[in-house]
Each structure stands twice: as structure tokens, then as C-alpha cells.
Amino acid sequence: MGDWMTVTDPGLSSESKYISQYTSETKMSPSSLYSQQVLCSSIPLSKNVHSFFSAFCTEENIEQSISYLDQELTTFGFPSLYEESKGKETKRELNIVAVLNCMNELLVLQRKNLLAQENVETQNLKLGSDMDHLQNCYAKLKEQLETSRREMIGLQERDRQLQCKNRNLHQLLKNEKDEVQKLQNIIASRATQYNHDMKRKEREYNKLKERLHQLVMNKKDKKIAMEVLNYVGRADGKRGSWRTGKTEASFFLRNEDEMYKILLNDYEYRQKQILMENAELKKVLQQMKKEMISLLSPQKQKPRERADDSTGTVISDIEEDAGELSRESMWDLSCETVREQLTNSIRKQWRILKSHVEKLDNQVSKVHVEGFNDEDVISRQDHEQETEKLELEIQQCKEMIKTQQQLLQQQLATACDDDTTSLLRDCYLLEEKERLKEEWSLFKEQKKNFEKERRSFTEAAIRLGLERKAFEEERASWLKQQFLNMTTFDHQNSENVKLLSAFSGSSDRDNPTVHSRPRQKKPHGAPSGSPVCMSKLTKSLPASPSTSDFCQTRSCVSEHSSISVLNTTPEESKPNQVGRECTNQKWSVASRPDSQEGGYSGRSSTYANSHVEKDDLP
Amino acid sequence: MNFSEVFKLSSLLCKFSPDGKYLASCVQYRLVVRDANTLQICQLYTCLDQIQHVEWSADSLFILCALYKRGLVQVWSLEQPEWHCKIDEGSAGLVASCWSPDGRHILNTTEFHLRITVWSLCTKSVSYIKYPKACQQGITFTRDGRYLALAERRDCKDYVSILVCSDWQLLRHFDTDTQDLAGIEWAPNGCVLAAWDSCLEYKILLYSLDGRLLSTFCAYEWSLGIKSVAWSPSSQFLAVGSYDGKVRILNHVTWKMITEFGHPATINNPKIVVYKEAEKSPPLVLGRLAFPPPRAAAGPLSSTESKYEVASVPVSLQTLKPAPDRANPRIGIGAMAFSPDSCFLATRSDSVPTAVWIWDIQKLRLLAALEQLSAVRCFQWDPRQARLAICTGGSKVYLWSPAGCVSVQVPGEGDFQVLSLCWHLSGDSLALLSKDHFCLCFLETEQGVGTAFGQRGDHT
């Protein structure tokens, strides 16, 4: 409704304006001339109105203006400004109320008009923007249209070009084809010509050859000859026979015979081979068939039990067929008679097998859907049982190994003689042997360590004894000296003795330091008694300063001995460079026999070993 | 693997006798016959001129020496050293000479292929065969020595004559449907004759002994055709190598193609073992080098050692671009050989000259490929087992067996360039021929191949 109002109002107002203009023109209002001038001069409306209003009513023409206004207003349908006069002649009174009402109404009207104008203006603006937008859109679309049109033109152009090209290519192809055809023709003609030429040349050549042959062969060439000391016998021992007309024919026949014999033999051989192959294939087929039947026969029971299935009857038919065939001993039959039966039965069986397999597949899928089957559980149980069994077996084996180890240790402890151990060893399996060997070497190592310890102890004891002896000697010498000092005696002699004793004392003191080192270390290595510890020991030797000291001192003291060792065994020392570990082991083996005694010989050998090692060290 | 001492040799003429007892070798105009085992000289014969061809008779009793330049053939007996025979072809000239399978006749081809003269050592009789065709392989004997097939050319047409060797009677004579017959070859069973056309046309014809055409095979037209043909020892397969770089295997039942072996330059299948020869710098082992000094190091060792490496697929082989403007282009299958058990086929494609392909005939697929450092000169199967010996003109000999491959340096001072090789009948030894020397290589056992590197120094 409001919209309607806004739409209608402008028209009304414009109409009223027009009307007012018209009326002002027709009615000769006092300021009509002026106002018309104003209107014509198109001064802005507000100013115009203002000036109009300012000029409209003056002191003189109030009456006239009022009456004019009244007239105007009444034409617009307002109530008259004048009061209803009773008398005709009486001057009509100005009705203030009506004037005010009119004014008010006019003002209201004015306001409404203004509002309407505003609305119209906004509407106008809106429409203007809409218009702009639409114009933009239009421009854009136009542009698009233009571009697409251009594109289309471009494409059309390209299409035209391509078509042109295509036409050209077609033309070229045609030309090429023509060319090829032409070339082929040329080639063909050349070929024929070539062949012709060749033939001609060959004929000429043949003629020449013939001529040459005549010339060379017919002329009794003395040179063409064979010089043989004596003719040798034929390889087959027969004598060559003279050819005569008769024999010629017989020869020919014989040759033919032989040739055909050879061919026949070959064909027979091939036939035999083919027969054999066939027989084998038949065998395979038969076997397959049997297997199929055996595979299908248990299956056959089920459908029979359930109902007289079509498959069941088919199978029984097949079985009968098979029985027949096997009775007939089909090997001897030619393929033609058997073939049909055989292929038919095989085909039938194959169909059944196929359906059976499909059924099985379905079952399997069903089983998968249903979940676990009884069989599955059983298999798992089986599996578990199996693993348990295997584990038990492993346990048993381990126990066995343990007992064997114990036995071995016992034997070692009791120091069994070598014969029995070797006997025992022989009855072991190879693997066990290996393991035992390892253990054996380990034990040996341990033993060696123990022996070393023992040796060191004995050495210590000996050393103690020596020391004591030295001490006693010293004391004795001291006593002697004192005694000599007391009693005036030869001086030189006593000094000599002292020197000797000092030398022996120092060397003895050095030795203990050597062997006290390993002994200090040994408590670490001995309990475990492993070869690893041994190697550690040897490796740690150069690191410790005391031993290096020892080395120096030792080398000073016994340079002679070490050199002699090196000189005597240069080959042995070389491998030492390569594998120290290895030699250590070899060593232990070598020292084994006399290890029982653990005496001085073993000790000296350890010395040599240490020397060698020391020499290798940087 | 042991190597014999190096002996002198000229023009690669060195042959084991068919019974395997002797070894004949030629030095200029001298023929030396040695014991094949001890290599001691058994006989020494002196010919009139430089020997150009040597051939043992089938019974190993006679040796034929052809002196083509003089048109002479000299025959020597092993049993009677004083026995001699000289055949002079006179002005007719001589281009080829060979034994007949009975070892009592000699077939001499005169110049220009005017005729073939058959000389008998038993009687004074001389037979002539006219119109022999001058082609790649125009004479072929069946393995049992009964028949001779001969390619002929008369009136611009190809013919094949089948003759009975015992009395040189013509058995069959038929024309072949070929433009220009290039070769004929009997199947090992002696019942089928393969005849093929010249390289201008792919055509192979199979004839029965009685002259019937059994089958014709043509793989393609309008291109260079057959380059090499090989029968399998079982007569079951016929391998046809052609200029398109393919080998086609025909069967003996239908004479149709069973399969086609292409020789691509790249091998992608991971199942195929590709052995690649690689140069190896000699390992510097201090212990060995110090004492005693190996002889190889003392001599001028010009070539480095090599070994085989198993290359990982895909492998691309070196291909040669054929010169299109030259005759006899280096493309196509130039050499083929079946192993004695017919299980393997070794081939060489001339466009990939450094490679030897070994095909499994049972599975009809490529089994292995060997890529050498230089072009393959010659390869030959061990007559007893599936073992292939290869030479490349270098100082090495290569052996392949299904178990693997080995490259063996031929010891000796200087370079011994192995240009050719031939196996002893027993497969125990191998004669290696260089330009003017030869030596024997003894392979005692299977292990000999495996430990070849270790015993290389056994140079006596």
C-alpha cells in the first residue's frame, strides 16, 4: 500500500503543479505576469517559490489574494476560506479556522509530498544503480560475446587451414602412392631386367665354363693325375666291382631299396616315438580320469543320500563308462574308436569336477561367513599339540646336552685317560663333537690358567726360597765381612762375591715383578677361564706401564735369549703377527702334554711366548 | 685347468683326428701329427708347398693336405709313413678338397666350379660330377656317410643331386624352387635335407631323402633373408637365423615354426642371467707377490685379467650400427650352435658382436647372455656336455655351462690371441689357436672349471 502511495503521489503532485501553472496563467492573478516570468526564467524552485511568496501578498491586495487563494483552494477541493454568508450582497467574511485548516492541510500535503519526493529520489537512485549494474553486465556480456565470436572465427580459420592441410596431405599421399607405384613398377621392371640379364650372363658364363671345360679337360692334360704308392683297401674290406650295364641297373635298384629302407626305418622310429608319446599321454589321461573318479565318488554319496540328484546319476553313468573302458583295455584301440567315448567321459567328469569345485568354493565362502569351523579348531589344536611336542623335545635335548656336559666335566675332573675320551668323542655326533671341542678348549684354557696360577705360586715359593737363600747368603757374606773386617782379610774377593750376589738378586727380583703382574690380573681371568679373558690379558699387557718396564728390563737382561728364539723360529714368529689369538690357542695345545707337571719346561715356554709377543708389540 | 706348451702353427690349421688320438697341425709346408694326450710328435710330413687345408679321413688313417695355390692335394697315411699320394688337378686348378665319408675317396672342386673330381684311393677310377654350384655350402654328406647331396646349377635353375657314396651313383635329382640356392644341409638322421635360398629371399625348403618336398617355410618377404641354419643333433629342430636378427625354430613333425627368438639390445627379464665380462686389476696379495714371483708378472703382461659379473637387469648391450652402403651388412644371426644334448642353442647376432645368447630349448626362452669386452670370434660346444667355449681374439678363453661362466687367461709369454678353438672328442681338452701358435687346454674335471683361477699358474 505504501508503495502504491509513493508511486501515485508524484503523479498527483505533478498534475497539481501543472494545474496550478495552468490556473495561474488563465486566471489573471495580480502577480501572474511576474510569476510567469519567474517560471519561465527557470530559477531554482525554492527561490522562485520564496520570491513568489514574498511578492504575492502585499498590504494592498490582501483581499484579492485571499479571494484568489480561495478560488484556487476551492478548485483544489478545499473548503472555502470564506464563511458561508447569509446574504448575497454581504461581504464574505474570512474564516480563520478554515484558513488554518487549509494551511495545515497544505502543510501536511507538503510534507507528504516531500516524503514522497524523497522516496522517489531514493527509488530513482536505486534504479539508477540497478541500471548501471545492468549496463555493466550488458557491456561485459557484449564483450564476452565479442571474444567468443572472435574465437569462433579463429577456430573456423584453423579448421579451414587444417582442412586445407589435410587436402594437401591427401594430395601428397596420393602423389607418394603414385610415386611408390611408379617405383615399384620400376623395381619390378628392373628386377625382371636384372633377372633377364642375370640369366643371360649366367648363360654366357655357362657357355664360357663349358668352353673352358672342353679346353681344360679335353686337352689331354698330363698334369691331371694321381700318384699313389699303392692302392689301399676299401674301408669295408670289399673289393670294388666293375660296373657293367647289368650291374648298373641292379646297383640302382639296390640303392633305391636301401634308401627306402632308411626312410622306412626313420618313419618307423618316428611312429614308435609318437606311439610312445601317445601311450604316455593316454596313461596320464587315464590316471587323471581315475583320480577324478576317485575324487568324485565320495562326493557322489552325499547327493544320493539327499536326493536323486542329476549329478549322481551322471556320475554313475560315468563310472559304468569308465569300467567299460578299462575292461576294453583302451591302449590297443585306435584313437578313433576310443576318442569319442574318452573325450565325452572326460568332458562330463570335468563338468562335474567344475561344479564340485564351485560348490566347494561356495561352502568355503559360507564357512568364512559363518565364522570358525570345527575343522579349523581341530587343526589349531593339532598345531598347538605339535608345538608342545616340539618344545618338549627341545627340552629333552637340552637336558641331554646338560647331562653330557656334566659327564664330560666329571671326566675332566677325574682326568680320564685320552683313549677313553677319544672313544667317547667318537660316539658323539659331529655337531656335538664341535660343541664339545669348544668346551674342551675352554676347559683347557681354564686348566691352563689354573696351572699358570699354580706355577706362579710355585715360582713365588721358589723365589721366596731363593730370596731367603740370597738373604742368608748376604747375611753370611755380611757376617763374613764383618768377620773379615774384624779380621784383616783380602778385600777384592769379598767385593766379587758381593757383585755376583747383587746381580743374581736383581734378576731374581725382576722375575717376580713379571710374574706378579699376571698373578695380579689372574684373579680376574681365572674364575671365568675363558679364552676371551686370556686375550684381554695379553692385550692389556702393553698398556700397563709396569710390564713395559719389565719388557725393557727384560730385554736388557735377556737380549741374548730373545734373539735366539727369534732366530730359531722365524716362521713361527711371522704367523704370530697375523693372528695372535690363533697362536695362543696353538700354544695351549702344545703346552698341554707337560701341563700336568707344570714344571719349569712349561714356564720357560711361556717365557718364550711372552718374548715373541713382546717383539711384535710396537 | 692346465695349459700345454705353445706350439707353432700356421693359418689356423690344427685338427684333432676323428678318433681323438691324434692332433694334426701345420707349420708352413710341414704337417705335424702329435699324440693328443702327450703331445709328442708321432709323425712329421713335408708337403711341397704351404698347406692351405687339412682334413682327417673319417677313420683317422689318412690326412689330406690341400695346396690350393699349386692345385695339389697330398695325402699321408698314419699307419704307413712311407706311403704317399699326390693328386694334381693340373690346369683346372683347385678351390676345395674334402674326404668322402668312407675315407677312401677325395672330392676336389676345380676352379670356377667346373666340376668335382672324385679320386679313389682304392682303385684307379676317377669320377666327375659336373655343374656343381658355387655357393656357401654346396656339398653335404649324411652323418652315416651313405649319401651325398650336391647343389647344382644348370640352365639358370637350381638342382640338388643325391648320390650314393659307396659307388657314386646318382640316386635322386630334383630342382629346387629357389632363386639362388645358397646352401644345403642334411639333418643328422640323414632323412631330411634343408635347402635355403640366398640372402635376397627368405626361403627354406625341406626335402625328404627320396626327393619329395616336405615343406617350405618363409617368414617374411621383401627383406634380407636367411643368414645361418643349424640342425639340432636330435634332428628335432631346425634353427634358422636371419638378417632381421631373429632365430626361428622349426619342428620336425609339421615343419612349422615353434618359436621365434629375437635378439633385443636390451634385456629386461630378471629371469635371464646376464654375464658381463669386466676387467679386473690383479689383486695385490703381499704374501703371494713376495715369494715366489709369479711368472705372469715377470713376463710382459699386456692384457689385464677379466672376470664375469652378473649384471642386473635391465641391461643394454652394445650394438653396432650397420653401414647401409656396404655389402654384407653386419646384422642378423651370424652363428648358431646347438649343444650336443640339443638342450641349448648358442647364437651370435652380428649387430651385437660382443654378446653370445644362450637359449633354453626345453623351455624355449632365453637362458643367459654373455657380454664380452670384445667381439666374439668363435664358439663351440663341448661334444660331451652342455659346456660352451668362446674366444674373442684376446688372450682369454671363456667357458659357459649352466652352472656359471668362467674367464681363463691363457698363460705364457707375450700375448696369445685366441682366434679359434676346437674341442677334443672327449671334451677333456681344447685346442686354442692363435695366428701362429696353438696350445692345448686340459679340463680334467668339473672342478677344473671352478678352480680355474687358482690353478692358472700351472704352466709347464
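A salt bridge here pairs a side-chain nitrogen of Lys or Arg with a carboxyl oxygen of Asp or Glu within 4 Å. The views below come from a predicted model.

**View 1. A salt bridge joins B:Arg146 to A:Glu258.** The closest N and O atoms of B:Arg146 and A:Glu258 are 3.1 Å apart. That distance falls within 4 Å, so the pair meets the rule. Across the interface of chain B and chain A, the rule finds 4 salt bridges. Polar contacts link 11 residue pairs between the two chains, counting pairs with both residues at pLDDT 80 or more.

**View 2. Strands of chain B meet chain A.** β10 (84–88), β13 (115–120), β16 and β18 (169–175) of chain B each supply at least two residues to the side that touches chain A. β10(B) gives the most, with 5 residues. By class, this side of chain B has 22 nonpolar, 11 polar and 17 charged residues.

View 3. The contact takes 50 residues from chain B and 39 residues from chain A.

**View 4. B:Cys156 sits in a loop with a positive phi.** The loop runs between β16 (147–154) and β17 (157–164) of chain B. Phi of B:Cys156 is near 60°. Most residues other than glycine have a negative phi. B:Cys156 has a relative accessible area of 7%; this is under 20%, so the residue counts as buried.

**View 5. B:Leu39 is another loop residue with a positive phi.** Its phi is about 65°, although B:Leu39 is not a glycine. The residue is found between β5 (30–35) and β6 (41–46) of chain B. B:Leu39 has 10% relative accessibility, under the 20% cut-off, and therefore counts as buried.

**View 6. Residues 380–407 of chain A form a helical span.** The span is 100% helix and 0% strand. Its end C-alpha atoms lie 40 Å apart. An unreviewed UniProt entry annotates residues 380–407 of chain A as "coiled-coil region". The same annotation also covers residues 131–218 of chain A.

Note on methods:
Residues numbered from 1 in each chain as written. Chains lettered and ligands numbered in written order. Predicted model: local features only at pLDDT ≥ 70, side-chain atom pairs only at ≥ 80, totals over all residues. Heavy atoms only, no water. Helix = DSSP H or I, 4+ residues; strand = E, 2+ residues; numbered from the N terminus. Buried < 20%, exposed > 50% of the residue type's maximum accessible area, 1.4 Å probe, protein only. UniProt positions renumbered as here; feature names shortened; annotations may be inferred. Contact = heavy atoms within 4.5 Å. Polar contact = N/O pair within 3.5 Å; in protein donor to acceptor, adjacent residues only side chain to side chain. Nonpolar A, V, L, I, M, F, W, Y, C, P; charged D, E, K, R; others polar.
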